[in-house]
Amino acid sequence: QVQLVESGGGLVQAGGSLRLSCAASGRTISGYTMGWFRQAPGKEREFVASITWSGTDYPDSVKGRFTISRDNAKNTVFLQMNSLKPEDTAVYYCAAGSIRAPVSRLYHYWGQGTQVTVSS
């Protein structure tokens, strides 16, 4: 079992930045694909970023603005979010899986989420 706890969310003005953290416990995350997803009210959960030993993936909506990274020694994953837009407002979830894919159902472990609100 892997337990994931997100932190770092909050309220920020458009154009600002936030850094989300995802602290893992129970198992080392070094062998997992780690991902970030988000879900806005009334919308489906959306892929935001993933990282494996072979690289990172982003959808076009965040590419160039968001950066995912991991510190295996600290068992932590980060999501640096720059140039935030109101449409980035959502609950952001950290997830761990075994396959490099932007599909939420392929991830086995999930955090409880952290709210990010971007004001215009």
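The model is a predicted one, in which local features need pLDDT of at least 70 and side-chain atom pairs count only at pLDDT 80 or more, while totals for chains, interfaces and linings use all residues. Residues are numbered from 1 along each chain as its sequence is written, and side-chain values use heavy atoms, with hydrogens and water left out.

## The open sheet

Helices (H or I, at least four residues) and strands (E, at least two) are DSSP runs, numbered from the N terminus, and two strands pair if DSSP finds at least two bridges between them. In these terms, 4 strands form an open sheet with antiparallel pairing, in the order β1-β3-β8-β7. The edges are taken by β1 (3–7) and β7 (66–71), each of which has a single partner strand, so one side of each is left without a neighbour in the sheet. From one strand to the next the twist averages 15°, where axes are lines fitted to C-alpha atoms, for helices over the stretch in contact, and angles run from 0 to 180 degrees between N-to-C directions.

Strand β8 (residues 76–81) is joined to β7 by 6 bridges, the two running antiparallel, and 6 bridges also join β8 to β3, again in the antiparallel sense.

Serine 21 has its place in strand β3 (residues 18–25) and is buried, with a relative accessible area of 18%. Not counting residues up to four places away in sequence, serine 21 touches Val5, Glu6, Ser7, Trp36, Thr76, Val77 and Phe78, a contact being heavy atoms within 4.5 Å.

Strand β4 (residues 33–39) pairs with β5 in the antiparallel sense over 5 bridges, and methionine 34 stands opposite isoleucine 51 in β5. Between these two strands the hairpin has 6 residues, and glycine 42 takes a positive phi near 80° in it. Strand β5 also pairs in the antiparallel sense with strand β6 (residues 55–57), over 3 bridges, and a hairpin of 2 residues joins β5 to β6. The bridge partner of serine 50 is aspartate 57 in β6. How many of the 7 residues of strand β5 (residues 46–52) are buried? The number is 6, so β5 is largely enclosed by the rest of the structure.

## Aromatic pairs and charges over rings

Rings of Phe, Tyr and Trp (its six-membered ring) pair if their centres lie within 6.5 Å, and planes under 30 degrees apart count as stacked, over 60 as edge-to-face and the rest as tilted. By this rule the count comes to 6 aromatic pairs, and two of these are set out below.

| Pair | Centre to centre | Between the planes | Class |
|---|---|---|---|
| Phenylalanine 37 and phenylalanine 47 | 5.6 Å | 65° | edge-to-face |
| Tyrosine 93 and tryptophan 110 | 6.4 Å | 75° | edge-to-face |

Phenylalanine 37 lies in strand β4 and phenylalanine 47 in strand β5, so their pair ties together parts that are 10 residues apart in sequence. Phenylalanine 37 is buried, with a relative accessible area of 1%, and phenylalanine 47 is buried at 11%. The pair of tyrosine 93, in strand β9 (residues 90–97), and tryptophan 110, in strand β10 (residues 107–110), links distant parts of the chain, 17 residues apart. Tyrosine 93 is buried, with a relative accessible area of 14%, whereas tryptophan 110 is partly exposed at 26%. Ring pairs link Phe37, Phe47, Tyr93, Tyr107 and Trp110 into a cluster.

A charge sits over a ring if NZ of Lys or CZ of Arg is within 6 Å of the ring centre and within 35 degrees of the ring normal. Arginine 45 lies over the face of tryptophan 110, at 4.7 Å from the ring centre. The charged end of arginine 19 sits over the ring of phenylalanine 78, 4.0 Å from its centre.

How values were computed: Buried means under 20% relative accessible area, exposed over 50%, partly exposed in between (1.4 Å probe, protein chains only).
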